[in-house]
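I opened the notebook to go through this complex one chain at a time. My plan is to take one chain overall, then the contact between chains, then the fold of the partner.

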Amino acid sequence: MADTTKSPSLEKQPMEYRPSFFKATMAIVQKDLSAEFRSRELLSAMLVFSMLVILIFNFALELDIKVRQSVTAGVLWTTFAFAGTLGLNRSMAVEKDRGCMDGLLLAPVDRAAIFFGKAISNLAFMLIVEAIVLPLYALLYNEVRIFQPSFLGVILLGSIGYIAVGTLLSAMSVQTRTRDVLLPILLFPVAVPVLLASVKASGGLLNNATFAEILVPLNLLIVYDVIFIAVAFMVFDFVVEE
Amino acid sequence: MIETKKLVKRFGLKTILRGVDFSVEPGEFVALLGPNGAGKTTFLRILASLSRPSLGSVKVAGYSLPNESAQVRAKLGVVSHMPLLYPDLTAEENLQFYARMYGITNFGPRITEVLGMVGLENRRRDLVRTFSRGMQQRLAIGRAVIHDPEVMLFDEPYTGLDQDASEMLDEVLKSVAAKGRTVVMTSHDLARAEDLATRFDILSRGIIAASATQKDVQKTNLLSFYKQALVD
């Protein structure tokens, strides 16, 4: 039997609805941001955790100014990596716990759009946390050099790489019962190159290294970002399908 | 509208579906019944393109799965026992999100229409987390029909609902079916299935063990047909 009672509000729509890749991606980003700004569950957890880590390091390294200056990059990236893992876990768990991941997978869109939507939201949350943590760090450690544009550029590149691989792996780990434990176990070994390169590049910038000296970690960061975004684009469909 | 041939699904060494032959004509309302663990949900997830068949062919609305899954998903609405809704968004925001994901451009009037159909017009700006289970399930149906699909799949939609909410859901399901849509519903509630469906298929141990139309069942009753099918 044909559908003879089509909804009047849909009569002018094309017979088959297919949103563009970009529109689907942005719909997911908008949804994630709206839900998070209303509940603030994910951001508050990431922020509180980051601030606690910064404070603990501040007390631990208080007496030794030289050591403190040399470990700035390491302290920052340790904080971002752990806070990022909290956010990645929570962001995917929200989709899984109420079956919303199925809702996303049922939409007639390229499933890579779901990956990009979730990755952009996760990146936005991580950047918000970084934007709050960096001034706090500068205040506690009396370190204003972290506001130079090249340093912020390295933070951005490192965050993109970390979130790209983290979003892909969290889509895998969220389907298991031990997801909270599994994500860091899967993520940290794979993210070692991006974390090492980020620490090396940001440490070099803070210690007035020349551009040639930080070129290798910078190139590694860019290559890592490109490779993992491409890998996620190709394999996300297989990761989420039963 | 739906056709599966020799459909097999394995998870590792465990075979869930063992060669299911199943077909549904356009406009039919099929109740897929069976005991727990029979493979009903797995079967529906394959029809919904959420799970890949291990062997066999699947066609929905003229498109093959898994190769034309995006085309199938555009014509499909799915309601499961989970609402697939975001608790921190309002009813309206949830429907707006899904309308965007289905590429509906002028979605305002359609959302008003859908909320009216499921009786939630007055709660459109309330957060979904404040809704009762019954209201969430009605909104879930609204989400599933937002793009006016030709085929609807219901996976135990009555799970966790009280009598009042179930009766309200009956009305919504009837209005969904009255639009001429093809419906496949799994349920353990035989009385409700008997009231709604035009055909009853029993899935047991990974195969369709028996099939009967509403007329066939009226001669005896659905419970004895169901019991007999499981014994055979």
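Among contacts in chain A between residues at least 6 apart in sequence, what percentage join residues at least 24 apart? I looked this up and found 82%. I note at the outset that this is a predicted model.

**Entry 1: chain A.** I listed the elements next. Chain A has 8 helices and 0 strands. From the N terminus on, I read them as α-α-α-α-α-α-α-α. I then took the extent of the C-alpha trace, which spans about 80 × 35 × 35 Å along its principal axes. I also checked burial. Chain A has 242 residues, and 43% of them count as buried.

**Entry 2: A against B.** I turned to the contact between the chains. On the chain A side I find 34 residues, and they touch 36 residues of chain B. Which elements of chain A give two or more residues to this side? They are helix H1 (21-39) and helix H4 (100-105) of chain A. H1(A) gives the most, with 8 residues. I sorted the chain A side by class and got 14 nonpolar, 9 polar and 11 charged residues.

**Entry 3: the sheet of chain B.** I traced 6 strands in an open sheet of chain B, in the order S6-S7-S8-S3-S9-S10. The pairing is mixed. The twist averages 15 degrees from one strand to the next.

I followed one pair of strands residue by residue. Strand S9 (residues 199-204) of chain B runs antiparallel to S10(B), and 6 bridges join them. Within this pair, B:Phe200 stands opposite B:Ala212.

**Entry 4: helices on the sheet.** Helix H1 (residues 40-47) of chain B packs on the sheet. I see H1(B) touching strand S3 (29-33), strand S7 (151-155), strand S8 (182-186) and S9 of chain B. The direction of H1(B) makes about 150 degrees with that of S8(B). Helix H5 (residues 133-145) of chain B also packs on the sheet, where it touches S6 and S7 of chain B. I read about 165 degrees between the directions of H5(B) and S6(B).

**Entry 5: H5 and H6 of chain B.** How are H5(B) and helix H6 (residues 163-178) of chain B set against each other? They pack at an angle of about 10 degrees, with their axes 9 Å apart. The angle is under 35 degrees, so I log H5(B) as roughly parallel to H6(B). From H5(B), I listed B:Arg133, B:Gly134, B:Gln137, B:Arg138, B:Ile141 and B:Val145. They meet B:Ala165, B:Met168, B:Leu169, B:Val172 and B:Val176 in H6(B). By class, the residues of this contact are 7 nonpolar, 2 polar and 2 charged.

**Entry 6: H9 of chain B.** Which residues of helix H9 (residues 222-231) of chain B are buried? I find B:Leu222, B:Phe225, B:Tyr226 and B:Ala229. They lie on the same side of H9(B), because they cover an arc of only 100 degrees around the axis. An α-helix has 3.6 residues a turn, so residues three or four places apart point the same way. On the face turned away from the buried side of H9(B), I find the exposed residues B:Leu223, B:Ser224, B:Lys227 and B:Val231. Last, I checked what covers the buried residues of H9(B). The cover includes S3, helix H7 (190-196), S9, S10 and helix H8 (214-219) of chain B.

Note on methods
Residues numbered from 1 in each chain as written. Chains lettered and ligands numbered in written order. Predicted model: local features only at pLDDT ≥ 70, side-chain atom pairs only at ≥ 80, totals over all residues. Pairing = 2+ DSSP bridges. Helix = DSSP H or I, 4+ residues; strand = E, 2+ residues; numbered from the N terminus. Axes fitted to C-alpha atoms, helices over the stretch in contact; angles between N-to-C directions. Contact = placed C-beta atoms within 7 Å. Parallel < 35°, antiparallel > 145°, perpendicular 65-115°, else oblique. Nonpolar A, V, L, I, M, F, W, Y, C, P; charged D, E, K, R; others polar. Buried ≥ 20, exposed ≤ 12 C-beta atoms within 10 Å, placed from the backbone. Arc of directions from axis to C-beta.
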